[in-house]
Amino acid sequence: MANIHDIARLSGYSTATVSRVLNLHPYVSTSARAKIQSVIDKLDYVPSTMAQNLSAGKTRTIGVILPHTDHPYFQQLVAGILNAAMAGNYHAVILPSRYDQKLEETYLEALRRQAYDGLIFTSHGLSLTTIASYQKYGPIVVCENPGRIKLAAAYADRTPAYQAAFRWMQKHDYVKIGLLLSRPYAQSATSKLTINSYVSVFKQRPQHAMVVYQMRTFQDGYQAGAKLAPQHPDFILGNGDDIAAGVRQYFVDHHLPIPPLMGQENQLSSHLLNMSTIDHHVMAIGAAALKLALRAEIAQTVIQSDLILRH
């Protein structure tokens with residue numbers, strides 16, 4: 001494969017002059033430009049984008065650590081990141097993690113080797129302290145409130161909307177409330193916010209039998225319906241509109257009275273079913289996370305979640 005030295009040798013000009021032609025520098029004579037360009041055309045030479053980026057100290061690539069793709073939250077978050085990356089002429093590379101800490105460490109080590117200009121953790125298995133220790137190698141953004149850990153973050157302030165939702169349930173005398181969550185309390189910041197908000201309103205923890213974890217898809221919601229139906233819930237809060245729709249379908253298919261439902265993420269399914277939801281504005285969070293990664297400073301963008309009642 002031809003390189004810049006081959007072009008310089010065949011054209012009779014220095015590599016510096018060849019470089020100026022390749023980079024469209026104006027200070028090159030017409031004759032020199034024509035001769036060098038003819039050699040470039042003959043060799044069918046194309047400059048290496050990777051080499052150009054490395055010489056500029058940038059890869060123009062942001063790594064996005066993603067535990068899985070089958071939950072609407074992550075789908076919308078990635079869409080927001082990709083839209084912002086394209087607008088900024090950057091590449092966003094999806095790095096699947098499955099919450100595997102060793103795999104997440106390999107991505108942090110790749111940042112250390114300058115494989116990426118920055119990383120966005122949409123969620124994580126590693127501790128925030130471990131993640132923060134790699135900031136000296138490049139920008140890292142998390143999509144949750146990092147608390148006292150000094151990390152750039154873009155996230156939704158969910159607590160006011162969750163508390164408003166539970167107060168609304170309380171006002172309507174709902175007491176047997178099913179909660180569908182992604183991961184156990186100790187592993188998930190969102191599960192903590194949901195349960196803590198429940199406790200702040202009802203002054204007690206939800207019944208163990210009324211909480212179902214590992215909820216990501218419509219089918220997961222359907223299976224949760226089978227678990228909750230014997231408990232006779234008078235209300236169910238799903239961690240996604242499609243998931244809540246799955247619960248509803250179970251009750252429909254088994255000819256059971258459908259309990260009132262509330263989803264999250266303001267998806268099409270909640271509009272079609274006229275179902276209440278909590279909108280966390282996830283695409284906006286993704287766009288904000290990408291912008292923070294490019295700014296390379298420890299700052300936070302907080303977006304307020306909205307309770308949408310459709311009854």
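Figure 1. D6 and R9 are joined by a salt bridge, defined as a side-chain nitrogen of Lys or Arg within 4 Å of a carboxyl oxygen of Asp or Glu, and their closest N and O atoms are 3.6 Å apart. The model is predicted, so that local features need pLDDT of at least 70 and side-chain atom pairs count only at pLDDT 80 or more, whereas totals for chains, interfaces and linings use all residues. Residues are numbered from 1 along each chain as its sequence is written, and side-chain values use heavy atoms, with hydrogens and water left out. Both partners belong to helix 1 (residues 4–11), where they are 3 residues apart, about one turn of the helix; helices (H or I, at least four residues) and strands (E, at least two) are DSSP runs numbered from the N terminus. D6 is partly exposed at 21% relative accessibility, whereas R9 is exposed at 58%. These classes use a 1.4 Å probe and protein chains only: buried means under 20% relative accessible area, exposed over 50%, and partly exposed in between. The structure holds 4 salt bridges.

**Figure 2. Salt bridge between R216 and D70.** The side chains of R216 and D70 form a salt bridge with an N to O distance of 2.8 Å. This pair links distant parts of the chain, 146 residues apart: R216 lies in the loop between strand 7 (211–212) and helix 10, and D70 in the loop between strand 1 (61–66) and helix 5 (72–87). R216 is partly exposed, at 27% relative accessibility. D70 is also partly exposed, with a relative accessible area of 30%.

**Figure 3. Salt bridge between R112 and E109 in helix 6.** An N to O distance of 3.6 Å characterises the salt bridge between the side chains of R112 and E109. The two residues are separated by about one helical turn because they are 3 residues apart in helix 6. R112 is partly exposed, with a relative accessible area of 44%, and E109 is partly exposed at 23%.

**Figure 4. R98 and Y99 in the loop between strand 2 and helix 6.** R98 lies in the loop between strand 2 (91–96) and helix 6 (101–112), and Y99 is placed in the loop between strand 2 and helix 6. Most residues other than glycine have a negative phi. R98, although not a glycine, has a positive phi of about 55°. Y99, likewise not a glycine, has a positive phi of about 60°. R98 is exposed, with a relative accessible area of 57%.

Figure 5. Helix 11 (residues 241–253) has 13 residues, which at 1.5 Å a residue should span 18 Å, in agreement with the 18 Å between its end C-alpha atoms. The expected span is 1.5 Å times one less than the number of residues. The buried residues of this helix are D241, I243, A244, A245, G246, V247, Y250 and F251. Their cover includes strand 6 (177–180), helix 10 (218–228), strand 8 (235–237), strand 9 (261–264), helix 12 and strand 10, where contact means heavy atoms within 4.5 Å. H255 follows helix 11 and has a positive phi, near 55°.

**Figure 6. S270 in helix 12.** S270 is found in helix 12 and is buried, with a relative accessible area of 0%. Its side chain makes a polar contact with the side chain of R310 at 2.9 Å. A polar contact is a pair of N or O atoms within 3.5 Å; within protein, one must be able to donate a hydrogen and the other to accept it, and residues adjacent in sequence count only if both atoms are side-chain atoms. Apart from residues up to four places away in sequence, S270 touches D241, M275, T277 and R310.

**Figure 7. Nonpolar surface patch of L268, L272 and L273.** Together, L268, L272 and L273 form a nonpolar patch on the surface with about 320 Å² of accessible area. Patches are made of residues with over 30% relative accessible area and no salt bridge; like charges are joined within 9 Å, and nonpolar side chains (Val, Leu, Ile, Met, Phe, Trp, Tyr) within 5 Å. Accessible areas come from the Shrake-Rupley method with a 1.4 Å probe, and for residues only the protein chains shown count as cover. L273 lies in the loop between helix 12 (268–272) and strand 10 (276–279) and is partly exposed, with a relative accessible area of 34%.
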